[in-house]
Amino acid sequence: MKLGFGLYRQSLTQDNFRFAKQTGATHVVVHLVDYFKGSSPSLSRGDDRLGWGVTRNQGKLWELEELLAIKKEIQSHGLVWEAIENFDPSHWYDVLLDGPRKKEQLEDLKVMIRNIGKAGIPIMGYNFSIAGVWGWTKQAVGRGSANSLVFDAEAVDVSLPIPNGMVWNMVYDPDVHSGNLPTISCQEIWERLEYFLKILVPVAEENGVRLAAHPDDPPVDSLRGAARLVNEPDKYERLLNLVPSSSNALEYCLGSVQEMREGDLYGNLDKFSKSGDVAYVHARNVKGKVPHYQEVFIDEGDIDMKQALNILYRNGYDGIIIPDHTPEMSCGAPWHAGMAFAMGYLRATLESVTGSRF
Ligand SMILES: [Mn+2]
């Protein structure tokens with residue numbers, strides 16, 4: 001097992017690469033989507049109209065030269081680029097929405113998977129979701145009044161429609177000012193995923209890339225009129241069975257699975273880490289399940305992190321574990337302090353589980 005660190009696009013700086021290395025990470029996961037247009041990383045959900053911001057990257061694909069330049073920078077800090085997390089909604093909105101540019105956008109995704117493979121990045125994490133990560137609020141209710149994410153399905157209008165021009169909680173067409181997306185059924189979203197996987201998985205295979213699916217966060221049945229996809233642990237299996245391949249894999253999010261109403265996190269993690277289907281792991285802790293839960297510091301909450309890491313170790317999992325989001329700490333660098341705390345805890349727990357130094 002290896003310790004990794006996730007960095008947002010606006011965080012790809014010398015200081016943050018050094019910071020990652022200083023926390024003990026050997027690998028990094030990079031977000032190339034420019035959420036919030038360069039504002040500093042924080043626990044922000046944006047607003048209901050603009051979500052995580054506007055993305056204007058239609059037709060501007062991730063080119064090999066750009067990927068190689070980032071890789072060179074990562075390597076110069078003694079780190080390994082293990083994964084990219086999330087496609088840009090600009091690149092695949094009609095794949096998600098089954099819109100007129102779907103085929104063209106799938107061709108674009110193929111080009112990018114080939115570039116990712118050529119750059120030697122082994123994993124492409126994605127979240128096949130219409131509404132995206134939405135609906136929580138930031139409240140000072142964590143330990144020591146830490147700002148934490150709270151999801152309460154009764155406190156937000158979970159059926160608030162998604163405006164046209166928006167998907168995955170980002171605006172891809174700012175010129176659309178009227179109308180909303182139609183509701184999307186469970187059957188429709190699974191059909192769209194199947195179509196996407198049948199076209200993309202063979203290309204990923206050929207290029208040595210594993211597509212890794214993040215489950216729904218929050219894992220409700222439906223959000224903003226759109227059915228969710230993997231909102232129960234067993235649905236991970238359904239996703240894998242659509243196109244069996246080592247390139248059809250999981251971005252296993254401990255926190256999201258724990259938040260699910262049904263199922264058992266440890267049994268599920270045991271099953272998929274044993275079968276080799278876990279491409280990488282998001283580690284964070286939570287209290288509660290849908291319809292009400294709260295994100296908490298990694299050393300508290302409902303997940304016994306040591307037990308989870310022990311399952312991965314016992315099953316010979318040799319991929320990376322990265323801290324997911326974490327409550328903010330009250331200081332001049334709330335995000336960095338929260339992440340450093342999570343890394344220290346993960347590192348010590350990994351040492352305790354494996355009996356060796358990290
Ligand atoms: Mn996650």
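Q: Which strands make up the closed barrel of this protein, and in which sense do they pair?
A: The closed barrel has eight strands in the order β1-β2-β3-β4-β9-β12-β13-β16, and the pairing is parallel. Neighbouring strands are turned against each other by 30 degrees on average, with direction ignored; strand axes are lines fitted to C-alpha atoms, and angles between N-to-C directions run from 0 to 180 degrees. The model is a predicted one, in which local features need pLDDT of at least 70 and side-chain atom pairs count only at pLDDT 80 or more, while totals for chains, interfaces and linings use all residues. Residues are numbered from 1 along each chain as its sequence is written.

Q: Why are β1 and β2 called paired strands?
A: Two strands pair if DSSP finds at least two bridges between them. Leucine 7 stands opposite valine 30 in β2.

Q: What makes β13 a partner of both β12 and β16?
A: Strand β12 (residues 248-253) is joined to β13 by four bridges, in parallel. β13 and β16 (residues 320-323) also pair in the parallel sense, over four bridges. Valine 278 in β13 is the bridge partner of leucine 250, and isoleucine 322 in β16 is that of histidine 282.

Q: How many residues of strand β13 are buried?
A: Six of the six residues of β13 (residues 278-283) are buried, and the strand is mostly covered. A residue is buried if 20 or more other C-beta atoms, placed from the backbone, lie within 10 Å of its own; it is exposed if there are 12 or fewer, and partly exposed in between.

Q: Why is serine 247 called buried?
A: Serine 247 has 24 other C-beta atoms within 10 Å, and the definition asks for 20 or more, so the residue counts as buried. Serine 247 lies in the loop between α6 (235-242) and β12. Leaving aside neighbours within four places in sequence, serine 247 is in contact (C-beta atoms, placed from the backbone, within 7 Å) with Val201, Ala204, Glu205, Val209, Arg210 and Leu211.

Q: What makes a set of residues a nonpolar core, and which members of the largest one touch the most others?
A: A nonpolar core is a set of buried Ala, Val, Leu, Ile, Met, Phe, Trp, Tyr and Cys residues joined through C-beta atoms within 7 Å. The largest such core has 108 residues, of which Val28, Ile116, Met124, Ala212, Leu250, Leu254 and Tyr280 touch the most other members. Helix α5 (residues 186-206) supplies the largest share of this core, seven residues. Tyrosine 280 touches Val29, Glu82, Ala83, Ile123, Ala212, Glu251, Gly319, Ile320 and Ile322, not counting residues up to four places away in sequence.

Q: How do you know on which side or sides of helix α8 the buried residues lie?
A: In α8 (residues 265-274), Leu265, Asn268, Leu269, Phe272 and Ser273 are buried. They cover an arc of only 120 degrees around the axis, which puts them on the same side of the helix; the arc is that of the directions from the helix axis to the C-beta atoms. The buried residues of α8 pack against α6, β12, α7 (254-259), β13 and α9 (305-314).

Q: Why do β5 and β14 count as edge strands?
A: An open sheet of four strands has the order β5-β6-β15-β14, with antiparallel pairing. Strands β5 (137-139) and β14 (285-289) each have a single partner strand, so one side of each is left without a neighbour in the sheet. Three bridges join β5 to its antiparallel partner β6 (residues 148-152), and lysine 138 stands opposite leucine 149 in β6.

Q: How many helices and strands does the protein have, and how do you know how compact the protein is?
A: There are 10 helices and 16 strands; these are DSSP runs numbered from the N terminus, helices being H or I with at least four residues and strands E with at least two. The radius of gyration is 19 Å, close to the 21 Å of the globule rule for 358 residues, so the protein is as compact as a globular protein of that length. The radius is taken over C-alpha atoms, and the rule is 2.2 Å times the number of residues to the power 0.38. Of the 358 residues, 49% count as buried.

Notes
Contact = placed C-beta atoms within 7 Å.
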